[in-house]
Amino acid sequence: MPEIRSAPLAVICAQAAPGALDRLIAPGYDAVVCRTAPDEILVFCPPEVAEDVLREVTNRLPALDEHGLVLDLTDGWHAWTLVGPDAREGFSAVSALALPGGDGFTQGHVAQVSAKILTAADDVTIIVPAYWSQHLRERLVADAAGAGS
Amino acid sequence: MAGSIDFEWRRVPFEDGDTVASAVHRTGVRTWNRSLKYHRRRGLYCLTGDCSNCLVNVDGEPGRRACVTEAIEGARVRRETGSPGPEWDVLAITDRMHWLMPVGFYYKAFIRPRWAWEFAERMIRRATGVGRLPTDGRFEPKRARTTHCDVLVVGGGVAGLAAAIAAAQVGERTLLADEGALGWSLSAPALQARIEELSAEARAQPNVEILQGHSCIGLYEGPSAALVGPHGLVEVEAGRVIVATGAVEAHGVFPGNDLPGVWLGRGAARMAVRHGVAPGNRAVIVGEGPEVQDHADALRDAGAEVSLVAGRVVSANGRRRVTGVTVETADGRRSFACDALVLALGHSPRDALLRMASGLPVGGAGDVVLPGCTPEEAEASGRRAGAGEPDAPSYPVSWPAMEPDGYVCICEDVGVHELEVSWDEGWTSSEILKRYTTATMGPCQGALCGRHLAFFAESKGAPPAATGLTTARPPVRAPKLEDLVGGVHEVIHKRTALHERHVSAGARMDRSGAWQRPGTYGDRREGYLAVRERVSLMDVSTLAKFLVAGRDAAALIDRVFPTRVRDLAPGRARYLLALDEAGYVMDDGLLSALPDGRYYLTSTSGGADRMEAWLRNWSDRLDLSVHVVNQTAQLGAINVAGPHARDLLVSLSGDDLSREAIGHPGHADVTVAGVACRAIAVGFVGETSFELHHPRSRSVELWDALLEAGHAWDIRPHGLDALDLLRLEKGHIYLAQDTMPDDHPGKLGLSWAVEASKPWFVGKASLERMAALPLQRRLLGLEFDRAPQRGAPLSVDGRIVGRVTSCGTSEVLGRHIGLGWVRCVDGVFPETLNAGALTARVAPTPFYDPEGVRLRA
């Protein structure tokens, strides 16, 4: 039975020309850089390094695209993590998405709302717009928490 | 004895491997049900879970097929039909009154007097049906999960197993699902042995997963499949699907074909081999083909006296059950005494899944495409399908002709006579026959009768388009409602960060689009008066909010919206309409110019996704370099409104909040109660108002601080109820409530928001064309002599010319006001109308503070 945890996560958004984002060097700080659209990346990182990540991306992007945009969107997202060996089975109760094996990223509908998903060996982190946070938690508790039981 | 079940308060022992049907049949029970319409006796027939003859109530759950329900210690089994029961049914009288219930009678009877139908329907429902739903509120929510594979094989017979093995051997992730245990429906020992070998081989493959007890109820785009299993619904997303669901034996149509004691061959053999019970003491097997001898051997081994007869069944004889059969043989018509008539008349592919998957990567294997094939042929077919080369479906090589009488659809009591009458009435295709007679619409979903219906239409000379099998649709097996709702939660609410604050303040939370918003905090008037006389708050975090930036941000705004943008300086804001290409109003909002050529756009709460898509789409179409960031979730917004709104903010901020610093409409970045905000001076409620847009994570802190500081002015929050009247007093529209899909700005009195001199904007060409046409309909302000009702028709001389879209009684104005659609009458818009018994007069808007003095205060 996977455990459901609220996952503190900062979200930095960079929008720029696709070629510029192709060349953008990841900021480090345990940040995960995810390409969510040809002209957009989202950088997920621990909240304590959000300022550093924001600064680095903000510093690097103008050299690649002078019209690029970098924003801290942390307030707009909320993350819940399914933890445990049954995490993926629990996820399958709320989404038809195929998860990447091991560490990875995908996006699509979870519990009928749009979401970004980060995967690791034993956990699945689901990141949704903040106004869906409660909805997702309720669905995870109702449907995913019983997986493997 | 392995245990016992409670069959109608009688202890019935069962053996290992018994089903409810086999255990009860062993005790001599032969009548399991009464038919839907004519209350004819029905006995065990197919034993493959296809027909509806053995539906029983097990432990309070109706509609369980006894033939595929495992006997479990202590299970309470009840037959469900008949008055008072199936053995003796007073409603069997209906079988002698077919004239009273001709085919399609429910289209013809009880039409007049109209009130009769209400009683008749109740009576009909009570007399028919196949069980009663429990009403004790029991509901076990089921789960739903999704799984992915390269190949889904539906059916775990030799063909399915061979297909799964072949697919796995070429490295494909394979999932095999069967509605029972592997080989559950087979009777021949050699076949069972082969199943065991194949299942061992399949299980040895690391990339094969086997789901037993999972019925595939439908195939969909993808292809994806819905499986109903013991723990709920499994949605399978597969690269391709192989259907290996086998065949059901052909249902013979002849007089007496529905009598208890008439069996399909494989079912009878299964009863004998797997459960050691013969279907009867004296069995006559009619049919040809390699399986017939196997069936005969199986029945003899179970102790029955068996006669094999080749020929055409003319009739099954008997009243309560079969006592004999008449067969047209090569030697002429002969009659045989028997208590079990076993039919082996051919095979009907169980191909509903295959037929509903047209155009998808779905193939078949075994009996479902080669009906009547040998086990060896089925296995070879499965291997071909597994390797990606499925056999093309072929029609049954032989099919039993229908006698002039007998039941075609035993689920719905539709006989040959009913088909004939329907045909004569003009229902001359298999699809229309289905709808009129309800044949194929019962629990077996046409598995037994579908082909008879098609052949009937063909025999009548109908054109090919009218003779096919009826359209196959999910579900092909009957799922329970609790299975279908597994994992589905259709009501989804967006919540603002202040949701809990509203609830704890006693707000009535309303659904506003996808959002939950406070309707009122108990007294609409309090919130309303707070806005008009003191100060009030409203959570407007639901507003759609966008940052539009990038090299071509101004160009995008200028070309997408009809608003004048060129003179919008940073710090200023402007009302904005969004038009579609037809020039119709699709949204509205407020555009704020930011430094560095950026724009902050707010639009209606329900339209965020559409607005985002609209902006991105036009950015792409116009080949502009623009970043559109949807900040709806990121930013909260609180509207501070009322004569003391500015005073309240000043008390919490060290920034300049004067009229000079924030003009109307305009904005400034300020700090309020320690929270960084973009304060936007707006005028929707007609008083001094500032929307404080701020990081969502600070919403609660800001809300609390405003309420606390607002005590000095007796602050009250207001909800949607108060807002509805406040904005109406200002003559502001609610999109969708006050508008229609084909409204251009002129109809709404919003032409002032269109900068017609711009060289191009979305919808401009359409507006220019429409401008040349006289207005036929307008949204107008109205005053009533009494309180009207929203939606009330507006009429002139009895002719309806419009309707009231918004209305209310304004306390500060002391008038009943509203907005409404009014059509042009004889070239002019009427000034006085009737709204039912009320009188309505067209009045200019805004009703309240028309000069805008208060909101600029």
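Predicted model: local features only at pLDDT ≥ 70, side-chain atom pairs only at ≥ 80, totals over all residues.
Let's start with chain B. By that count, chain B has 21 helices and 44 strands. Its radius of gyration is 37 Å, well over the 29 Å that the globule rule gives for 857 residues, so chain B is more spread out than a compact globule. If you like to picture a box, the C-alpha atoms of chain B fill one of roughly 110 × 65 × 55 Å along the principal axes. How much of chain B is buried? Buried residues are 51% of the 857. And if we take the contacts in chain B with a separation of 6 or more, 67% of them link residues 24 or more positions apart.

Now please zoom in on one helix, α12 of chain B, which runs over residues 450–459. This helix is mostly covered, with 7 of its 10 residues buried. Those buried residues are G450(B), R451(B), H452(B), L453(B), A454(B), F456(B) and A457(B).

Over to chain A. Where they meet, domain 1 of chain A gives 9 residues and domain 2 of chain A gives 8. On the domain 1 side, β3 (32–37) and β4 (40–45) of chain A each give two or more residues, and β3(A) has the largest share, with 3. By class, that side has 7 nonpolar residues, 2 polar ones and no charged residues.

Finally, how do the two chains meet? Here 25 residues of chain A are in contact with 27 residues of chain B. On the chain A side, at least two residues come from each of β2 (10–15), β5 (69–72), α3 (87–92) and α4 (133–144). Which element of chain A supplies the largest share? That is α4(A), with 4 residues. By class, the chain A side has 12 nonpolar, 9 polar and 4 charged residues.

Note on methods
Residues numbered from 1 in each chain as written. Chains lettered and ligands numbered in written order. Contact = placed C-beta atoms within 7 Å. Nonpolar A, V, L, I, M, F, W, Y, C, P; charged D, E, K, R; others polar. Buried ≥ 20, exposed ≤ 12 C-beta atoms within 10 Å, placed from the backbone. Rg over C-alpha atoms; globule rule 2.2 N^0.38 Å.
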